[in-house]
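Welcome to a short briefing on a protein fold. Please have the sequence and the coordinates open as you read.

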Amino acid sequence: VHGGITATFIDNAMGTTLHVCYPGKIGRQVTVDLNIHYLKGGTGKELVAETELIQAGKSLAVLESTVRDDHGDRVAKATGTFRLWQK
């Protein structure tokens, strides 16, 4: 998998996590910072992102994500900061 696809996957996983953690409360969000460490090429049929909300405030949230391939090997590790606008 190309690194840009992995980055987009991580960004979407983090955004989805925010909507799960703030159900019905986020009107809009934007990625402020995304730092990705690519560990190996993504191979196999699927990638899985395990994402955790590290710190949350009214206007900023920090998340961490690990991407694994279908063998359970780590493909990438990332942190992201998001700007939030409440509904």
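How many residues lie between β2 and β3 in the hairpin that they form? There are three residues between β2 and β3. This is a predicted model, in which local features need pLDDT of at least 70, side-chain atom pairs count only at pLDDT 80 or more, and totals for chains, interfaces and linings use all residues. Residues are numbered from 1 along each chain as its sequence is written, and side-chain values use heavy atoms, with hydrogens and water left out.

**The sheet as a whole**

- Four strands make an open sheet in the order β1-β4-β3-β2, with antiparallel pairing; strands here are DSSP runs of E with at least two residues, helices are runs of H or I with at least four residues, and both are numbered from the N terminus.
- β1 and β2 are the edge strands, each with a single partner, so one side of each has no neighbour in the sheet.
- On average, neighbouring strands of this sheet are turned by 25 degrees against each other, direction ignored.
- Two strands count as paired if DSSP finds at least two bridges between them.

**Strand by strand**

- β2 (residues 47–56) and β3 (residues 60–69) run antiparallel and are joined by nine bridges.
- Within this pair, Glu 50 faces Thr 66 of β3.
- β3 is also linked to β4 (residues 74–86) by nine bridges, again antiparallel, and here Thr 66 stands opposite Lys 77 of β4.
- The hairpin of β3 and β4 has four residues between its strands, and Gly 72 in this hairpin takes a positive phi near 85 degrees.
- β1 and β4 are antiparallel too, with 11 bridges between them; Gln 86 of β4 is the bridge partner of Ile 26.

**The helix over the sheet**

- Helix α1 (residues 3–21) lies across β1, β2, β3 and β4, and runs at about 140 degrees to β1.
- Axes are lines fitted to C-alpha atoms, for helices over the stretch in contact, and angles run from 0 to 180 degrees between N-to-C directions.

**A closer look at Asn 35**

- Asn 35 belongs to β1 (residues 26–38).
- Asn 35 has a relative accessible area of 36%, so it is partly exposed (buried is under 20%, exposed over 50%, partly exposed in between, with a 1.4 Å probe and protein chains only).
- Leaving aside residues up to four places away in sequence, Asn 35 touches Lys 77, Ala 78 and Thr 79, where contact means heavy atoms within 4.5 Å.
- Asn 35 and Trp 85 are 50 residues apart in sequence, and their C-alpha atoms are 22 Å apart in space.
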